[in-house]
Structure formats: C-alpha cells, structure tokens
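Subject: Handing over a structure

Hi,

Here is the structure I promised to pass on to you. Have a look through it, and below I'll tell you what turned up.

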Amino acid sequence: MSDATRFTIGEVAAMVGMSAHTIRAWERRYRILTPQRTASGQRRYTMADVELLQQVRLAVASRGLSLKLAVGFAQGRVEEPLETPVDSPDPVPAHDVSVEPPGLWRTVADLLPELIVILDERGAIVDANIACARAAGVLRGDLRGTRLIDLVDPYDRAKAVRVYRPRPAQRRGWELNLRTRMLTGLVSFDCWPVREGGQRRVVMVGRDLTARGEELWVDQVDPPASGGDT
C-alpha cells in the first residue's frame, strides 16, 4: 500500500471522531492496532485500521459494551454478546463516542488525491476530505466554518464568490489560486450545486495544477501531540 493511502494519527482521529490521545491509550492498553512507523517513528495507519476503530467505537457508544469486550468482538476473538453489560470498567470519554460515524462518501473521498470540499450558501466549508485538510495545513474539523475566500489568493476572491453567489451553477475547470499553509498555486475545480435537507450546497472537486500536488500525499508528519508518545 502506498503512502497515499496511509494516514497520520491526527487524520485518523478526525476521520473516526476520537482524540489522538485516546487512540494511543487504546493501542497501549488493548493492542487494538499495531500501526507501521516511518523512519522518524511517526505512526501510519491503513483504512482497515480506521474501520476497526470505528467498529469498536460504535460497539461502546451504541451497545454499551465494555471497551475490552468491544475490541475482542471487532477483532473476531469473541462472539457477539447476547446481553449488553450493565457497567463498563473501561469508560470512554463522552466526546469520543458522541459523534456519528462518517458515511460512505467520506470514506471514499478520503482515499482520493483530489481536493473535495462542500460549501454552504454563504461560502463556508461544511465538510472536506483529508486531501483538502492537508492542503490547508489543518485537521478536517478546523476547516468547518472557514470561508472559501479565506483560502484563495486575494486577486481571485471575486471569482471564488461566483461559485456560490448569487446562485450556484455547475462549473468545469474553475481555476482558483489557493494560498494556504501547505499549498500555494493554481487548482482547477469542478463544481456542482446540490441540495441537502432543503439547503443549497456546492460540491467542489479540485485538481492541483502545480508540481507540488503529489507531494501533499507523502512525507507528512503527525500534528504535535500533547504527550511524549507519537
């Protein structure tokens, strides 16, 4: 598997809806995962690792299983329990289990190198894939609410506004110069207006036209961790 389909612990945390600290704790205590390491010791996870974490998290949150039992069930070491335990000796922080799991679209989008972003009618980011977060140099959650024009070169902001105002329209090859922490250069976007729950959205799929496009997928390091473990 190439580096393009391996993820840092910060990216996995954003995809699953858990903290990086909790993922490290689960690895140490239950050996739920054994991620590969880069030459500098940084963790790298596969999509199978992400799916396993999602299964465990759901079993704890929705079925009330203890963490130890949920891990064994997800790994196939124990059979599905007939009864839900009353109490759990291994509580999981509420913020780590309260968010619903990502849908299929995000799982697929996170495997693609294109920049995928969804805007509301005000031009604010509703959701984005990992490639887009990497290009911005932040975690996915930090992108939500960010305005598209804040990621675009000032000279191209008027052109960026036309993506969602006055009325979204389908566009092909809409070129915008981005200026973010990790990407400064020309990106070609295909844009589609869609509706979600009666609200207008714009889906943008961008292809980096600069030579640095492929470099966003390799040699990435984990975000700084609060603890000493990486």
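Let's start with a pair of helices. Helix α1 (residues 9–16) and helix α2 (residues 20–30) have axes that come within 9 Å and cross at roughly 105°. The axes are lines fitted to C-alpha atoms, for helices over the stretch in contact, with angles from 0 to 180 degrees between N-to-C directions. Ile9, Val12 and Ala13 of α1 make the contact with Ala20, Ile23 and Arg24 of α2 (contact means heavy atoms within 4.5 Å). Helices here are DSSP runs of H or I with at least four residues, strands are runs of E with at least two, and both are numbered from the N terminus.

Before going further, please keep in mind that this is a predicted model: local features need pLDDT of at least 70, side-chain atom pairs count only at pLDDT 80 or more, and totals for chains, interfaces and linings use all residues. Residues are numbered from 1 along each chain as its sequence is written, and side-chain values use heavy atoms, leaving out hydrogens and water.

The mean pLDDT (the predictor's confidence in each residue, from 0 to 100) is 78 for the protein, and 76% of its residues reach 70 or more. Over residues 82–101 pLDDT stays under 50, and the model has 32 contacts beyond four places in sequence for them. Over residues 213–228 pLDDT also stays under 50, with 28 such contacts.

Back to α1: seven of its eight residues are buried, so α1 is largely enclosed by the rest of the structure. Buried means under 20% relative accessible area, exposed over 50%, and partly exposed in between, using a 1.4 Å probe and protein chains only. After α1 comes glycine 17, with a positive phi near 85°.

In helix α4 (residues 67–74), the buried residues are Leu67, Ala70, Val71, Gly72 and Ala74. Glycine 76 follows α4, and its phi is positive too, near 80°.

Aspartate 120 sits in the loop between β3 (115–119) and β4 (125–128). Its relative accessible area is 11%, so aspartate 120 is buried. Leaving aside residues up to four places away in sequence, aspartate 120 touches Val126, Tyr164, Arg200 and Arg201.

Enjoy exploring!

Best wishes
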